[in-house]
Amino acid sequence: MPQNEETECLAPQQETPMQNTTKNESSPNLTKIKKKKPKKKTGAPAEPISEYYQKALVDYPVSLRNTKAKGRHAAASGPIAEGTTVCHEQATAFVVRSEFIDQQCHVCLDTLATKLMCSDCKKSFYCSQACLDRDTTHPKVCSIISQVDTIGRSTDTDPDLLRLMVLLMAERMEEADIPEENKTEYKPLSQTPYWCVEDLLSHREHADRAFINVLTEASQRLVSEMPESMAMSVDDMVTLACRINSNAHGLGDNQSRNTDVALGLFPVGAMFFNHACNPNTAFVGMPNGQLAFRTIRPVKTDEELTVSYIDLYASRDERRQDLLKTKHFWCKCKRCTTPMENSVDRFLQSVVCTSCSKDVYVIPPASIEELNKGEKSLGETWTCAGCGHVASVSKVNEAIEKANASYTAGMYALRQRRDYRSACRQLEPLAKTVLPSQATKLPAGEIHPQNSIRLNASIPLLNCLRHQDNIKGAIEVNRTILDVLDEHAKQSLPDKTAEISDFWQNLGELCDAMAEQCRVSGRQPLQKKWYKEARDAYSQAAKVRAVVFGPEHPKTQFVERCALRV
Ligand SMILES: C[S@@+](CC[C@H](N)C(=O)[O-])C[C@H]1O[C@@H](n2cnc3c(N)ncnc32)[C@H](O)[C@@H]1O
């Protein structure tokens, strides 16, 4: 059922004008009139869920709901153990991102050893004749795809978005002949039909004017390359692009770390899995353009199944800004509504108290208006959540500004000058830290060990150290990252995520490399020690991946094989 986007979206921008209207209407007379209480959003059902979606999820322990308070969402129909698949879907369409276009198979997403390339557009790549034969859509869109990069460049539009639009329009064309009554038919793991895409929220009303303008131009150009049977109105194409922006999911490759190598539209998952900043479910890319939603913790009956659309370890202000900008809503999940002084969020953006050296000064979160304007008032003083010590904002902020300056300088050295030494000098002090579980007192007046800037600095630092062949240094940073993620998990954030498994795999590879160095230099006892460390790290990666991705997933099996090999 198409949704009413105005009532469905819980975006704050819509609430603000409504409040203003009430204010403007108040006149002296109104004091005599009883003010109507604003209607509270309740758990009452909104529109019923279409039969197709019920069938698509009938084999999973979920109940599909549509309430005024939460919109369409999935809840647990009974208690669910961690590591349970709660939705598994074949994309209506997906594309390999431009950056990886000749590195992954466009059908199964395997990393390409041998490459079969479409000789006409030179934009479509396959690992085997079997995959090439399975791609029955490509011949219909090949000539349009060959124009996408040129159109993207000249209109300043993302070519990946344009390619996905073209593939979706080809799917729409294929469906034109299916009788209406057959449209609710569902075959397990068959591609979700295009008509479901039209049920998705578009948030077009919130889209940037400049984005709509460039898309209008790009759509006009694309449509001129298409046969009439595939074309749709430019206006509908712009709405389709907005739907993709609000609902598409990234897909990782089949073997390695969590890089998004592809982008797909999965209407069932996108429609029923809302966001929470401390989710109980993760979405994971599967081979062949499929997406699975799997629980990462035990879930109680009736609990909503939620995923995170954004970086879990970003500060509250950063997460809110990201969600407002990209998804157009103000998150009201438990993590976001717990007072700062009781929430893990206070550590992600603050400085260790100079009086107790245990807790941090609470930095009040920004308001919607401040985030929309990009300006935040800091106030005069901040208070420590642990001992109540009051500090002047300028003092606390000095440490934050210093850390930000080091981070910016490090990233500039890395990205603009490829100066790995200088990048390391700037980033290293941010990455090194004493953790709360390892000391009774933390370094007073410094950014907290869990401050998000430390994680942001540690990841590029790891790459710099690897680049300089400083494997020992990289192992130390990798271990600190895992310890910081463990601290977060102790304060209720998930302890099993794709990122955590990636850092265990990374540690395994680094220890493996150390063992190899010892083998070459004939240091046998050390070689043994490093192999054991590598084995342990790969086994940890496998344990986490068995929950997040499932035991059958190629990524889980890959690290299991690594653990057996070393
Ligand atoms: C991928 S869709 C999620 C599915 C959505 N419930 C639907 O009915 O189509 C993303 C959009 O859902 C809404 N949404 C998701 N999580 C939300 C949350 N925690 N609070 C408010 N709105 C949310 C926002 O409008 C967001 O842009």
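This is a predicted model: local features need pLDDT of at least 70, side-chain atom pairs count only at pLDDT 80 or more; totals for chains, interfaces and linings use all residues.
Q: What is the hand of the crossing of helix 14 and helix 15?
A: That crossing is left-handed.

Q: Which residues in helix 14 meet which in helix 15?
A: From helix 14 come Tyr-420, Ala-423, Cys-424, Leu-427, Glu-428, Leu-430 and Ala-431. They meet Ile-453, Arg-454, Ala-457, Ser-458, Pro-460, Leu-461, Cys-464, Leu-465 and His-467 in helix 15.

Q: How do the residues of this contact of helix 14 with helix 15 divide?
A: They divide into 12 nonpolar, two polar and two charged. Glu and Arg count as charged, and the contact includes Glu-428 and Arg-454.

Q: What makes helix 17 and helix 18 roughly antiparallel to each other?
A: The axes of helix 17 (residues 498-520) and helix 18 cross at roughly 160°. The cut-off for roughly antiparallel is over 145 degrees. Helix 17 and helix 18 are therefore roughly antiparallel. Their axes come within 8 Å, and the crossing is left-handed. The contact of helix 17 with helix 18 holds 17 nonpolar, five polar and four charged residues.

Q: Why is Lys-529 called partly exposed?
A: Lys-529 has 15 other C-beta atoms within 10 Å. Buried needs 20 or more, and exposed needs 12 or fewer. The count lies in between, so Lys-529 is partly exposed.

Q: Where is Lys-529 placed, and what separates its C-alpha atom from that of Val-396?
A: Lys-529 is in helix 18 (residues 524-548). Its C-alpha atom and that of Val-396 are separated by 43 Å. Along the chain, these residues are 133 apart.

Q: What makes strand 4 and strand 8 a pair?
A: Pairing needs at least two bridges. Strand 4 and strand 8 (residues 260-265) have four bridges, in the antiparallel sense. Phe-94 stands opposite Gly-264 in strand 8.

Q: Which way do the residues of strand 4 point, and are they buried or exposed?
A: Ala-93 and Val-95 point one way from strand 4 (residues 93-96). Phe-94 and Val-96 point the other way. All are buried. In a regular strand, side chains alternate between the two faces of the sheet.

Q: What makes strand 4 and strand 7 edge strands?
A: The open sheet has the order 4-8-7, with antiparallel pairing. Strand 4 and strand 7 (249-252) each pair on one side only. Neighbouring strands of this sheet are turned by 30° against each other on average, direction ignored.

Q: Which helix lies across strand 4 and strand 8?
A: Helix 6 (residues 159-175) does, running at about 150° to strand 4.

Q: How do you know that strand 10 and strand 11 pair?
A: Six bridges join strand 10 and strand 11 (residues 290-295), in the antiparallel sense. At least two are needed. Ala-282 stands opposite Arg-294 in strand 11.

Note on methods
Residues are numbered from 1 along each chain as its sequence is written. A crossing is left-handed if the near helix is turned anticlockwise from the far one by less than a right angle, and right-handed if clockwise. Helices (H or I, at least four residues) and strands (E, at least two) are DSSP runs, numbered from the N terminus. Two residues are in contact if their C-beta atoms, placed from the backbone, lie within 7 Å. Axes are lines fitted to C-alpha atoms, for helices over the stretch in contact, and angles run from 0 to 180 degrees between N-to-C directions. Angles under 35 degrees count as roughly parallel, over 145 as roughly antiparallel, 65 to 115 as roughly perpendicular and the rest as oblique.
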